[in-house]
Amino acid sequence: MSNSGVTQRPSSTISSSTPPMETPHEPKGKSKLVFPFGLPATPEAAAARIIENLSHLSLFYMLVLWVGLSISLMPERKFSLLLLMAMTIIANQYLIMVRPMSNSICENKAVDKMLVLVPMATVTIVGLILTEAAIHLFATLGIGIPVILVHAVLWKDGGFLNEEVSASTPGELAPLVDNV
């Protein structure tokens, strides 16, 4: 009665023609995970890394500061937020118009951009101070600049820029997994 008609079969062996199942955590190819952060060896290397990262990632750093300032202005200072948005639109329109021009006033486009963008930034800062949003501006800069500097020190640029695409789109980031 204990069996109740059930018989046990001997376990069948797997033939050698079928490959064993792979475990899901084993990599299929030779891949290594690339970690984009690291401490520089010397203070000189840290200064060089800061300068290089500020030149390569300045647009992203500026965007972080802009978003932080926009978020801090949103609940209380709506007119200051409108001023910031208007100056941003004017600066973007200027940069869009300068891009296709091959012969601008100056031979160097960076100097030409700085002749307009620095006074616009000055007007924006003065406008934010006059609209009583100085505390928001200085708090955003006080929090954002140290975070950006720490990121600029720790971010290793080596191997993260895609050299194949860099001619058409400079600064294109490569994936964080290298297939070796």
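Residues 54-73, whose end C-alpha atoms lie 26 Å apart, form a span that is 100% helix and 0% strand, where helices (H or I, at least four residues) and strands (E, at least two) are DSSP runs numbered from the N terminus. This is a predicted model, in which local features need pLDDT of at least 70 and side-chain atom pairs count only at pLDDT 80 or more, while totals for chains, interfaces and linings use all residues. Residues are numbered from 1 along each chain as its sequence is written, and side-chain values use heavy atoms, with hydrogens and water left out.

**Annotated spans**

- The unreviewed UniProt entry places the feature "transmembrane region" at residues 54-73, 79-98, 110-129 and 135-155; such positions are given in the numbering used here, feature names are shortened, and annotations may be inferred rather than shown by experiment.
- For residues 135-155 the end C-alpha atoms lie 30 Å apart, and the span is 95% helix and 0% strand.

**Nonpolar cores**

- The largest nonpolar core has seven residues in all, namely Leu69, Leu73, Leu81, Leu84, Leu128, Ala133 and Leu137; a core is a set of buried Ala, Val, Leu, Ile, Met, Phe, Trp, Tyr and Cys residues joined through side-chain atoms within 4.5 Å.
- At least two residues of this core come from each of α1 and α2 (78-98).
- Apart from this core lies another one, of six residues, among them Leu57, Tyr61, Ile148 and Trp155.
- Leaving aside residues up to four places away in sequence, Leu137 touches Leu69, Ile125 and Leu128, contact meaning heavy atoms within 4.5 Å.

**The aromatic pair**

- The structure holds one aromatic pair, formed edge-to-face by Phe37 and Trp155 at 5.5 Å centre to centre with 75° between the planes; rings of Phe, Tyr and Trp (its six-membered ring) pair if their centres lie within 6.5 Å, and planes under 30 degrees apart count as stacked, over 60 as edge-to-face and the rest as tilted.
- This pair links distant parts of the chain, 118 residues apart, with Phe37 in the loop between β1 (31-33) and α1 (43-73) and Trp155 in the loop between α4 and β2 (177-179).
- Trp155 counts as buried because its relative accessibility is 13%, whereas Phe37, at 31%, is partly exposed; buried means under 20% relative accessible area, exposed over 50%, and partly exposed in between (1.4 Å probe, protein chains only).

**Two helix residues**

- Thr124, found in helix α3 (residues 109-130), is buried at 11% relative accessibility and touches Leu83, Leu84 and Met87, not counting residues up to four places away in sequence.
- Val147, found in helix α4 (residues 134-154), counts as exposed because its relative accessibility is 54%, and its C-alpha atom is separated by 10.0 Å from that of Val64, 83 residues apart along the chain.
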